[in-house]
Amino acid sequence: MINRAIAGVLPVVPRPVVRRISSRYIAGAELEDASYTVRALNARGKLATVDVLGEEITNVEETDTIAAAYEEVLAEIDRRHLDSNISVKPTALGLGLDLDLCKRHFQQLVHRARVRDNFVRIDMEDATTTDSTLAMYRDLRADGYDAVGVVLQASLKRTISDIGDLADLRPNVRLCKGIYVESSEIQFRDYHAVQNGFVAALEALFDTGCHVGIATHDRWLIEQAKRIVAKRGLDRDAYEFQMLLGVRPGLGDTLVEEGHRLRIYVPFGSHWYQYSLRRLQENPSIAGYIASDTFGRVLRPGRNGSL
Ligand SMILES: Cc1cc2nc3c(=O)[nH]c(=O)nc-3n(C[C@H](O)[C@H](O)[C@H](O)COP(=O)(O)OP(=O)(O)OC[C@H]3O[C@@H](n4cnc5c(N)ncnc54)[C@H](O)[C@@H]3O)c2cc1C
């Protein structure tokens, strides 16, 4: 209860505090920070997907900068032989500004990824973007760009129907609960309804022969997914688990030890604020973090007395 109240006031928490308490979720500001993090993950048997933070962009020039940054990420992955692909938010490439521009950026990026034998995951954002994101994915596939996958959100009531609509493409899908709060007309709100929606969507995706990235830190769902994979006798390469950097790394270690593929989402860059807010809103210990960061500093002021 307290945590939920704190999550509601997060937007008024000073940015430096948000920055400090969310640092575990972000590799750093620079590509070399992301590269270092991916190397460390790879050394522990974990794959990665790199996200250039950029959802706060407001103009066309910034989309060019983000697209160029992703090309550098692909080059770095090649140069250092990293086991990583990339995850891209459509709004970071201009979905909210100019749909054609966004498509052109994705065409170029997916082309560059394929040339490098790599892969682009199109992240899914709030429900106002679902139709255009799925339509863009379909267009990319129709134009022969196949080194690309999408994300479906189990909390949306439309997801089972979207799986049916996409089935002819046998898409590579990341399945997650969905972080964006939508109206109850289009979204399951009850925790167990979301979990059941996730299981139903996972079964439907496997029924259509999709490769699924099972993106969750929910122990119950992970157990269900393992049960479904075992029951279907799926090959290790037919699916992978996915988790966010800084969230339940021990649970991830266990999955790797058990022989599952695990991919970690590694965000980096200067547009860190919105991503950090979302992660903190989901952190059950958020109240404690904010309290200890804020009050700990009040009790232990810095050398110049600043907070
Ligand atoms: C790889 C990956 C990619 C994703 N991509 C998208 C996307 O494209 N679009 C989208 O809408 N959503 C995306 N998400 C977010 C997802 O939709 C959920 O909001 C998020 O994963 C939390 O749901 P959960 O399934 O982990 O279950 P929850 O019930 O939220 O979490 C289970 C448990 O994990 C722990 N936990 C979860 N989050 C945190 C946190 N931030 N800090 C500390 N502990 C935590 C807690 O112990 C919690 O009880 C992605 C998630 C992952 C893992």
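Modeller: Let's start with α3: the face turned away from its buried side carries the exposed residues E32, Y36 and A43. Here buried means under 20% relative accessible area, exposed means over 50%, and partly exposed lies in between (1.4 Å probe, protein chains only). Before going on, please note that this is a predicted model, in which local features need pLDDT of at least 70, side-chain atom pairs count only at pLDDT 80 or more, and totals for chains, interfaces and linings use all residues. Residues are numbered from 1 along each chain as its sequence is written, and side-chain values use heavy atoms, with hydrogens and water left out.

Now to the other face of the helix. The buried residues in α3 are L31, A34, S35, T37, V38 and L41. They cover an arc of only 165 degrees around the axis, so they sit on the same side of α3. That arc is taken from the directions from the helix axis to the C-beta atoms. An α-helix has 3.6 residues a turn, so residues three or four places apart point the same way. The cover over the buried residues of α3 includes β1 (47-52), α4 (60-79), β2 (84-88) and β8, where contact means heavy atoms within 4.5 Å.

The helix itself runs over residues 31-43, which makes 13 residues, and it reaches 18 Å from its first C-alpha to its last, close to the 18 Å expected at 1.5 Å a residue. The expected span is 1.5 Å times one less than the number of residues. Helices (H or I, at least four residues) and strands (E, at least two) are DSSP runs, numbered from the N terminus. After α3 comes G45, whose phi is positive, near 80 degrees.

Now for the links you asked about. A salt bridge is a side-chain nitrogen of Lys or Arg within 4 Å of a carboxyl oxygen of Asp or Glu, and by this rule there are 21 salt bridges. One of them joins the side chains of D168 and R138, at 2.9 Å from N to O. D168 lies in the loop between α7 (159-166) and β5 (173-176) and R138 in helix α6 (residues 130-142), so this pair ties together parts that are 30 residues apart in sequence. D168 is exposed at 57% relative accessibility, while R138 is partly exposed at 32%.
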